[in-house]
Structures are given as structure tokens and as C-alpha cells.
Amino acid sequence: MSSAPPPPFLRLHPHSSISSFSSPRLPHLSPRTRPWRLAAAREMPWPHVLTVAGSDSSAGAGIQADVKACAALGAYCSSVITAVTAQNTAGVQGVHLVPEELIREQLKSVLSDMSVDVVKTGMLPSAGIIQILCESLRKFPVKALVVDPVMVSTSGDSLSDPSTLTNYRDELFAMADIVTPNVKEASKLLGGVSLHTISDMRDAAESIYKLGPRYVLVKGGDMPDSSEAIDVLYDGKEFVELRGHRIKTRNTHGTGCTLASSIAAELAKGSSMLNAVQVAKNFVESALHHSKDLVIGNGPQGPFDHLFRLKRPPYNIGSQQRFNPDSLFLYAVTDSRMNKKWGHSIEDAVKAAIEGGATIVQLREKDIESRAFLEAAKACMEICKSSGVSLLINDRVDIALACNADGVHVGQSDISAREVRELLGPGKIIGVSCKTPAQAEQAWRDGADYLGCGGVFPTTTKANNPTLGFEGLKAVCLASKLPVVAIGGINTTNAGSVMELRLPNLKGVAVVSALFDRECVSTETRNLRSILTSVRCLA
Ligand SMILES: Nc1ncnc2c1ncn2[C@@H]1O[C@H](COP(=O)(O)OP(=O)(O)OP(=O)(O)O)[C@@H](O)[C@H]1O
Ligand SMILES: Cc1ncc(CO)c(N)n1
Ligand SMILES: [Mg+2]
């Protein structure tokens, strides 16, 4: 690794010289007195990740991978460049460090102005750079810090000075929300222990956890001879094994950078750590899958396509509206037979349910022709959009895509949540009907957002639907890593008893006939809403 020469760039940038560092650039004006902020009628926060990492000339890893991953997942990505590397698909040919004072300046420029949510680190090649980063983070705290302790490239070239080990371990890890070493990096951090099995990865995660981060993710991308790519997440109490298919491809350059940036993007959007890691892992797996046969370069390790989703519909992948689990509180599911019986159109029924206080709506239309269904779905989308309520479509991914619905709900015999996610992209809501803890686990692995669990009580809406009772509901809620909505035979007389169970993850009740097999849908919804609210108030 070459060392940094004196900074010649000062002459190239007379207006941004390091000597001006101590004087603030922005005049200290309150938002009210900043004229450029008054122009916007409604300010929309944009999830923001700052990556502090090295440039990769081949653009498969480093800063370039980080920017692409964040863009693909709907987050803004600013970048502080720590080093410029010469790399291609054969390996690393050169490394040049950016002068430390310019790194400090870049950090201040971004952190002092741009409302960064999450900082993600990649290549931090010297001890001094880590110290500067820690100082900057103490001065400008952010919501979360994701540390990818990049030490060696997959080609085996060194990307950091051995002296950084001490600063990682003693200073940066204690500030980190998550640290994401691969097996080689975990071994280096722990003085050279060898990692061959999942059990070794767990032990390593436990040892690295003791250095101070809130979570440790030991990545198994480089574990040999496995049909699965398994990562181990540890939070100081529990281990979670994240298992994905191992994609057979040469295009794995930058998987680590992409995973860490994707975690950062999801955290910036408001996800929990476990969900962020799961979404990130699914994203890497999908990107590798879609890029497995692409050819760029002559070396053994090619880049992959972070923006693979742009090649296929839907294009609105960067939805910034995160799914809010609290929206499951009063979940209205339509039924065309009931609407027909009472002379309600689907649109009128949906409008009435929302008027009465439904917090999310699903169109479950089993006996209606596709064209009529799509027209009704489009009209319902307009109604839901104007009242800020999400609209999901039962089973029909095609209808959901065509009307740009907020998501899809699938059952155990419909296409899997993983495939629905592939089709809908990361910004849409996916729910799965589950009756057992095993199904709940699978739905989470497949990238679902919530579970529908039931039938809690006997129901006539769905034929041949076994009743789970409170015990079955409890088993699923306790095992689930996702929020749950209870369904099946729920009405104004028993909804209170369901919510009074106060089960973990149980966010609300889903109802069909209690709302729609009635003359006045809005009155029924209002009654149910007030029952649910009073139970919540007593909590
Ligand atoms: N061939 C593959 N198929 C599916 N997932 C993979 C594959 N290779 C790596 N992954 C996944 O990619 C993520 C990054 O893991 P990996 O161990 O490759 O990190 P890394 O070695 O730090 O990356 P890099 O190659 O960028 O240095 C992990 O979630 C891992 O499971
Ligand atoms: C600049 C840079 N950062 C990280 C990695 C690790 O993949 C790499 N190869 N290059
Ligand atoms: Mg790797």
C-alpha cells in the first residue's frame, strides 16, 4: 500500500482548502430563515446513508457498490472517500490513501449539513482515519452505525494497515450498531482463530460482540462447499442463522459492501435490525441470481447488477413509505359475495370501511372477472390513497402490479412470499397467512412484512379452514419475528378478547363478515374500532 503524499489538491480547490476547516461554511440560519426551504409546500424526509469507504475503479465494490445498493433500495447515499484503489476483476493493482485532513473535511461537510440517518463504513485503511471518523461521529451523532470491517479483498489483497485492528476493536466497535465481518475478517479480529463451521461462526460472533457492538453478523459467503450461503446474526442473547441459496456465479465482487449498505439503507428507512439484515440478504441473493450469467472483465471475479429491478416492472421500487405494523390494527378484508348480497359496490364498501376507521384494506375477490376486478381495484386505490390507508390485493400479483397497490397477501397454497417479493420489489407490503410457527419462520425468511394468523374462531367465510383457537394464535405470535394480525370469525363480541391476550407481535384483527356482511359497513367498522381502541387504552 502506498502512503499519502502531501495534498496537492489544495491548489486545485482554492475555495475549499483545508485551512478553512475551522470556519463554518453555512451561515447559522434557522430553517424558518432559510429562503430555499420555504419553497417546498410539504417537506419529505429522504432516508440518508453516508458511506465512508474506498473507491473501487471496477465499480463492483466500495463506494460505487454502496451508492448503487442504497439507490436500489430507495435511500440517498452520500460518500466520504477514504482511499482510491485501482481494481478490476483480477484483483487490486494499487491503493492510494486520501489525506486524513480531507477525510475530516468531507465528514464535516456532509454531517454538518445533510441530516444523515445512518453511517456505513467500508475501507478504513489507516488507524488515523478510524480516529477521525470516531471524533466526527461524537461531534455529529447519527441514528445508527454499520461497520463492515473491510481488511482483505476477495482476491486476497490487503485493504487496511494491520495497525487498524486495535482501533476497530477498541474504539469503533463500541460505537457500532452492527459489525459485519466475513469469516476471514472475523478470524483476523480474533487473533487468527480458524472458522470452518457454523458453530465456529457463532463462537466468533459471541467474541466480537464482547468488543461492544449491539449486533454482530458473521457472513458465510466465503465458506466452502455449501449449497447455502449462511450468515450468523448475534445480539448478545440469541443467534439467528440467515440461510439463502448459494448462487453459482463468478460475479460476487462486492457482496460484502452491498450487504452492509443495504442494511444501512433499511435502517435509514426505519426497519428493525433483524428485518434490515433479512431484506439486505434477500437483496444480495436476488441481485446475484439476476446477474449470474453477465460477463464483464476477464478475471475470476466479476461485478453484479444492483439495479437489476430496473430491467423489469414495476419501476416504482424505491417506495419510501415503510410498512407500519400499527396499520394492522383494524384490517378490513372485502368479500364480493357479501357486497352483492347487500347491494354494495366494492368501492362503496371500501369507502365505508375507511370512514368507519379501518386502518388497512385487502381486496379478496374470489368470484369476479379479472377486468372488473382491476377496474374496482384502481378505484379503491384512489380512495385509499386519498385517506392514507394502504390497499393490499389477495393472491393476485398481476392485479396488484396493474393498479400499483401497496402490496399483496398470500396464503400457503398461493405463490410464495419470496416470489411475490421478486415480482413486487422491496417497497411493497407482503402478508402471508400462517397457522404454525414453522410457516411463520418461512414467511420471515421469504421477506414477508406481516403474518395473518387464524382462523382464531370458527368461520364460514373460508371453507375447510381449521380453527386454531387462542393457543394456536399464541404459538404463532410467540414464534414470529414479524407483526401478526389475527383473523377468522372475529367480530364485535370477541375482538376485545383477542386483543386482551396482549400477545407479543399481535398488532390487530382482520375482519370480513363482521364489517361487510352487514347493511351499514361504516357503523359496524366504527363499533369495532371503538372496542379495539378501548382495549388498547386499558393496556
Ligand atoms: N454465491 C453466493 N450466493 C448467495 N449469497 C452469497 C454468495 N456469496 C456471498 N453471499 C452473501 O453475500 C453477503 C456477503 O457475504 P460475503 O461473505 O461474500 O462478504 P465479503 O466476503 O465481505 O464480501 P466481498 O466479497 O465484497 O469482500 C452474505 O449475506 C453472503 O451470505
Ligand atoms: C474499495 C473497496 N472496498 C471494499 C472492498 C471489499 O470487497 C473492495 N474490494 N474494494
Ligand atoms: Mg466474499
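Author: Let us begin with aspartate 395, which has 19 other C-beta atoms within 10 Å. A residue is buried if 20 or more other C-beta atoms lie within 10 Å of its own, exposed if 12 or fewer, and partly exposed in between, with C-beta atoms placed from the backbone. Because its count is 19, aspartate 395 is partly exposed.

Reader: What kind of model is this, and how are its parts numbered and lettered?

Author: Residues are numbered from 1 along each chain as its sequence is written, while chains are lettered from A and ligands numbered from 1 in the order in which they are written. Local features need pLDDT of at least 70, side-chain atom pairs count only at pLDDT 80 or more, and totals for chains, interfaces and linings use all residues, since this is a predicted model.

Reader: Where is aspartate 395 found, and what is its phi?

Author: Helices (H or I, at least four residues) and strands (E, at least two) are DSSP runs, numbered from the N terminus. Aspartate 395 sits in the loop between strand S12 (390–394) and helix H14 (397–403). Although aspartate 395 is a residue other than glycine, its phi is positive, near 70°.

Reader: Is asparagine 505 buried or exposed?

Author: Asparagine 505 lies in the loop between helix H18 (495–499) and strand S17 (506–511). Its phi is positive, about 75°, although it is not a glycine. With 20 other C-beta atoms within 10 Å, asparagine 505 is buried.

Reader: Which residues does leucine 392 touch?

Author: Leucine 392 belongs to strand S12, and it counts as buried because it has 24 C-beta neighbours inside 10 Å. Two residues are in contact if their C-beta atoms, placed from the backbone, lie within 7 Å. Not counting residues up to four places away in sequence, leucine 392 touches Ile360, Gln362, Ala405, Asp406, Gly407, Val408, His409, Ile429 and Gly431.

Reader: How many residues of helix H3 are buried?

Author: Helix H3 covers residues 62–72. Among its buried residues are Ile63, Val67 and Cys70, and their cover includes strand S1 (48–56), strand S2 (76–88), strand S4 (118–121) and helix H9 (255–268). H3 is largely enclosed by the rest of the structure, because the number buried, out of 11, is 10.

Reader: How far apart are the end C-alpha atoms of helix H20?

Author: Helix H20 has 18 residues (521–538). The expected span of a helix is 1.5 Å times one less than its number of residues. For H20 this gives 26 Å, which agrees with the separation of its end C-alpha atoms, 26 Å.

Reader: Within what arc do the buried residues of H20 fall?

Author: An α-helix has 3.6 residues a turn, so residues three or four places apart point the same way. In H20, the buried residues are Val521, Glu524, Thr525, Leu528 and Leu532. The arc is that of the directions from the helix axis to the C-beta atoms. The buried residues of H20 line one face of the helix, because seen down its axis they fall within an arc of 95°.

Reader: Which exposed residues does the other face of H20 carry?

Author: The buried side of H20 is covered by elements that include strand S10 (330–333) and helix H12 (346–356). Turned away from that side is a face with the exposed residues Ser534, Cys537 and Leu538.

Reader: Which residues come nearest to ligand 1?

Author: A residue is near a molecule or strand if its C-beta atom, placed from the backbone, lies within 6 Å of it. Strand S8 (228–234), helix H9 and helix H10 (273–291) each supply at least two residues of the shell around ligand 1. Of the 22 residues there, the nearest are Asn182, Lys219, Gly221, Ala229 and Gly256.

Reader: How many residues of the shell around ligand 2 are charged?

Author: Ala, Val, Leu, Ile, Met, Phe, Trp, Tyr, Cys and Pro count as nonpolar, Asp, Glu, Lys and Arg as charged, and the others, Gly among them, as polar. Around ligand 2 there are 14 residues, and the largest share, three residues, comes from S1. The shell holds six nonpolar residues, seven polar ones and, as for charged, one.
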